[in-house]
Amino acid sequence: MAEGKGNRRGHGEGSVYWREDRQRWVLELDYGYVNGKRKRTVRYFRTQEEAIEEQTRLRTAQLEGAAPLDRRSRFDNFLDYWLDEVVEPSDRAESTKVNYETLVRVHIRPALGRLRLVELKHEDLQRFLNRKAVEGYSASTMRTLRTILRQALNEAVIMEKVPRNVAVNVRVPKATKPKRKVVALSQADGVTLLAAAEPTRFASLYVVLAMVGLRRGEVLALRWSDFNERAATLRVEQQVTRVGGIRQLVVGPTKSEAGQRTIALPARCVAALQAQRRRQAAERHTMGERWRDHGLIFPSTVGTYLEPRALNTHLTKLCVRAGLPHLGPHGLRHTAATMAYALGVDWKQIQDMLGHTMLSTTMDIYVDMADTGSRDAATKLDAWFDNPDDQATDDDSETA
């Protein structure tokens, strides 16, 4: 037996002692009374010096007012607390809360959950994200995973569960998954689609989507109070979403602060909204007492918020009837951005129109477009959906 191990406790150390059956030095920690019960824990060390060093560190932290770290708490237990007590009561959008819970359950918990909270290292988190890149996940998904790690561990620092946030400097690796190709309508296909939509109750909605690039949830949340007919502008402030696990539609703020914007409308959009007002007045008259007025521009047939998936279904059937490839509502958003750029609208104007937080997001999505200079968006968009046959006739006459 090594010198000094015959004594039960090290000289002057109090709670540091040798344990023969474990062949280890023991540091006994007393946290006092927690929830009415005395809480004691023990930690084991190979040498007496290591045990005394840790005891000294804890005593110093106690004198400085820092709470002793709970070294038995696992990361998954803390994530449960963070989701329930920090994320859920917050003013984050319901879709964001559901997304955080899903990413924690599917990705973070299986990979990192069993690690002790205080033993998490920067390299653990970096390897985790690097694996996600190899598995083919997008840069957007990896950025959200990093955001979750940073926010959760920042809360752990505030609660003095860990001394520092090891996720602060974690980098998002380059995505290895091929970049999703932007699907947008050509000018001819755009004219065909809007012509096919003209007899339907969604005719004006498709004009707005294809010309100013609103998100599906944004266009379905538009109110007549958002439309300034005299100024030819549209104010975007909220969105409607269908969130998993929630039976009713959720109406809340736009995806980001940048999403709250005022858009200058092309003349065709103004005319489409005027037509929608007349169409809606007829629907309201037909429905009578069954109409539930919510002040919406594009409601359901009884005036309530329209189910977002119903719009996808309608557009799919419309594309089939028009003989066009399948296109979702987001494809019309891409169409608006594509035509704006083709008409010479600069990146910053397109960013503002789409409601992107960062200009780099806009440029990254539409990176394949060639730079053609800068002009005003609202005065140029009408030309895109002119009948290409008429345009060709005019060109021929000029050539002649």
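This is a predicted model: local features need pLDDT of at least 70, side-chain atom pairs count only at pLDDT 80 or more; totals for chains, interfaces and linings use all residues.

Modeller: A search of the whole structure turns up six aromatic pairs.

Colleague: Why is the pair of Phe78 and Tyr81 called tilted?

Modeller: The ring centres of Phe78 and Tyr81 are 5.8 Å apart, and the cut-off for a pair is within 6.5 Å. Their planes sit at 40°; stacked needs under 30 degrees and edge-to-face over 60, so tilted it is. Both residues belong to helix H2 (residues 75-87), three residues apart, which is about one turn of the helix.

Colleague: What makes Phe78 count as buried?

Modeller: Phe78 has a relative accessible area of 4%, and buried means under 20%, so Phe78 is buried.

Colleague: And Tyr81, why is that one partly exposed?

Modeller: Tyr81 comes in at 34% relative accessibility.

Colleague: Why are Tyr341 and Trp347 described as tilted?

Modeller: Their ring centres are 4.5 Å apart and the planes are at 35°. That angle falls between the 30 and 60 degree limits, so the pair is tilted. Tyr341 and Trp347 are both buried, too.

Colleague: What makes Arg22 sit over a ring?

Modeller: Arg22 lies over the face of Tyr44, 4.6 Å from the ring centre, and the distance limit is within 6 Å. Arg201 likewise lies over the face of Phe202, at 5.5 Å from the ring centre.

Note on methods: Residues are numbered from 1 along each chain as its sequence is written. Side-chain values use heavy atoms; hydrogens and water are left out. Helices (H or I, at least four residues) and strands (E, at least two) are DSSP runs, numbered from the N terminus. Buried means under 20% relative accessible area, exposed over 50%, partly exposed in between (1.4 Å probe, protein chains only). A charge sits over a ring if NZ of Lys or CZ of Arg is within 6 Å of the ring centre and within 35 degrees of the ring normal.
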